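Please keep the sequence and the 3D view open while reading.

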Amino acid sequence: MLPFQTLLPTVVFAVTALQALASDTFIAAVYEHAVILPHPTGEPVSPDQALALMNQNMNVLEGAIKEAARQGAHIIVTPEDGIYGWRFTRESIYPYLEDIPDPVVNWIPCTDPSRFGPAPVQERLSCMARNNSIYVVANIGDKKPCNSSDPDCPRDGRYQYNTDVVFDPEGKLVARYHKYNLFMVETQFNYPKEPEAVTFETPFGKFGIFTCFDILFYEPAVVLVNKMQVDTVLFPTAWMNVLPFLTAVEFHSAWAMGMRVNLLAANTHKTILAMTGSGIYAPAGARTYSYNMETEDGHLLIAELDAHPRLSPASPPAVSWNSYALSVERFSQNDHEFTGIIFHDRFTFTELTKPEGNLTVCQKDLCCHLSYKMAGKRDDEAYVLGAFDGLHVVEGQYYLQICTLLKCQSTDLSTCGQPVETAQTKFEMFSLSGTFGTSYVFPEVLYSGVQLAPGEFEVLNDGRLISKAKPTKPVVTVTLFGRWYEKD
């Protein structure tokens, strides 16, 4: 039997280890990667050439993973297309793909690399996780053979999937997700036959994962949060910013707040395509984020999050999004309503012609109410209150209800809704609400210079998005972005 003096440190160590296994918080990291792209070609390169390019990108990602681990991060998310880019046809991407097995096989590629055939990318990612004792999330391509007995089998005899993988701190493959909602240019990939709701457990909460365009749809995004009850969503993305309210940082932060869940969003970085904007978001707002259209370098973000945000005292309460707007009479309507286009959708607008006031603008069943006071009405800037209630049909079909206070590109009202990043007008206060028919509403405020406003606004239980104090920066948009999934 061990003497008491020897036993005590052992007991203390065991208790400490058990406490660490069920932490109330964890350190998250995301890396925005300036992807090294292949030369565009319709012809496949050799497997060695494909691996050489992927290793260049993985060299950069490995540096970020090591630094994240050094700073205490438990998990790191890297971007969609972060290992080989996006300049591909169905044929030319094939050398970059690997056969990714179902995680139930209990596989550590770092220690058993040849178990499922050549898998150098999975092996290297697994070793990055194992050597740095960190969860690693990456986006790669999966290939699955099929034959004529499958009526959906492509003519080339294989399925190709845009795929996320997760390796745990031992290097084991613990999650594999095939992107279900492909963006219109992803012709190199196949749609999975069924949507996947991929989750996995960690000592710091339950995690789910999906990719980029998926965030706009019920499956898998809402299913993971509301039905599977995940605490944190992992989100590799290649997001092309669309101002005024579909910038990456703005919409992703709004989605996390509206869904009351953590979101780890890692974007690719390519300014010529307006690809930037990564962040670590909590239900109460952004913990850290980056938006950089000035330089071409990557960026590592690290922040602490609540492991179980719904149980956190900082988690905002549930919201009845139309309660206030349905309970009040319409505010005075401006004499002049007009229409304008935002991202191909025709909004109904009314101008803020006075330094302060109360306005209502309606479209179909949606009425948007705004109370506001400007610090000073400028003659060189115009603001409008806008409403949209309808089906967006450009790069996919999804039903939206949107209330937005936004700055026009110029004093010419025909520019209202066009992209704008900067403003000079400050507001003393604002309160925005709408008669939403959906409970899925995502709130956010965007300041001049594409800056978020964490802690400077709140959503009341009755659905009003209000400024908590005098806003500190000029406002570009104040938006309630509603998704009515049932009407798609």
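Which residues of helix α4 (residues 218–227) are buried? They are P220, A221, V222, V223, L224 and V225; buried means under 20% relative accessible area, exposed over 50%, and partly exposed in between (1.4 Å probe, protein chains only). The model is predicted: local features need pLDDT of at least 70, side-chain atom pairs count only at pLDDT 80 or more, and totals for chains, interfaces and linings use all residues. Residues are numbered from 1 along each chain as its sequence is written, and side-chain values use heavy atoms, with hydrogens and water left out.

**Helix α4**

- The buried residues of α4 pack against β5, β6, β7 (205–209), β8 and α5; contact here means heavy atoms within 4.5 Å.
- Helices (H or I, at least four residues) and strands (E, at least two) are DSSP runs, numbered from the N terminus.
- After α4 comes Q229, which has a positive phi near 55°.

**Annotated features**

- From an unreviewed entry, UniProt gives the feature "domain: CN hydrolase" at residues 40–307. UniProt positions are in the numbering used here, feature names are shortened, and annotations may be inferred rather than shown by experiment.
- That span, residues 40–307, is 22% helix and 26% strand, and its end C-alpha atoms lie 42 Å apart.
- The UniProt annotation "active site", also from an unreviewed entry, covers E80, K179 and C212. These residues span 133 residues in sequence, yet no two of their C-alpha atoms are more than 10.4 Å apart, so they gather at one spot.
- K179 is in the loop between β5 and β6 and is buried because its relative accessible area is 1%.
- Leaving aside neighbours within four places in sequence, K179 is in contact with E80, N162, E186, P192, T211, C212, F213 and D214.
- C212 is in the loop between β7 and α4; its relative accessibility is 8%, so C212 counts as buried.
- Not counting residues up to four places away in sequence, C212 touches E80, K179, F235, P236, T237, A238 and W239.

**Salt bridges**

- The structure holds 14 salt bridges, each defined as a side-chain nitrogen of Lys or Arg within 4 Å of a carboxyl oxygen of Asp or Glu.
- One of them joins E80 to K179, with the closest N and O atoms 2.9 Å apart. This pair links distant parts of the chain, 99 residues apart: E80 is in the loop between β2 (75–77) and α3 (120–132), and K179 in the loop between β5 (173–178) and β6 (199–202).
- E80 counts as buried because its relative accessibility is 2%.
- K179 also meets E186 in a salt bridge (2.7 Å, N to O), and both K179 and E186 are buried.
- R90 pairs with D156, the closest N and O atoms being 2.6 Å apart. R90 lies in the loop between β2 and α3 and D156 in the loop between β3 (135–145) and β4 (158–167), so the pair ties together parts that are 66 residues apart in sequence.
- R90 counts as buried at 15% relative accessibility, whereas D156 counts as partly exposed at 30%.
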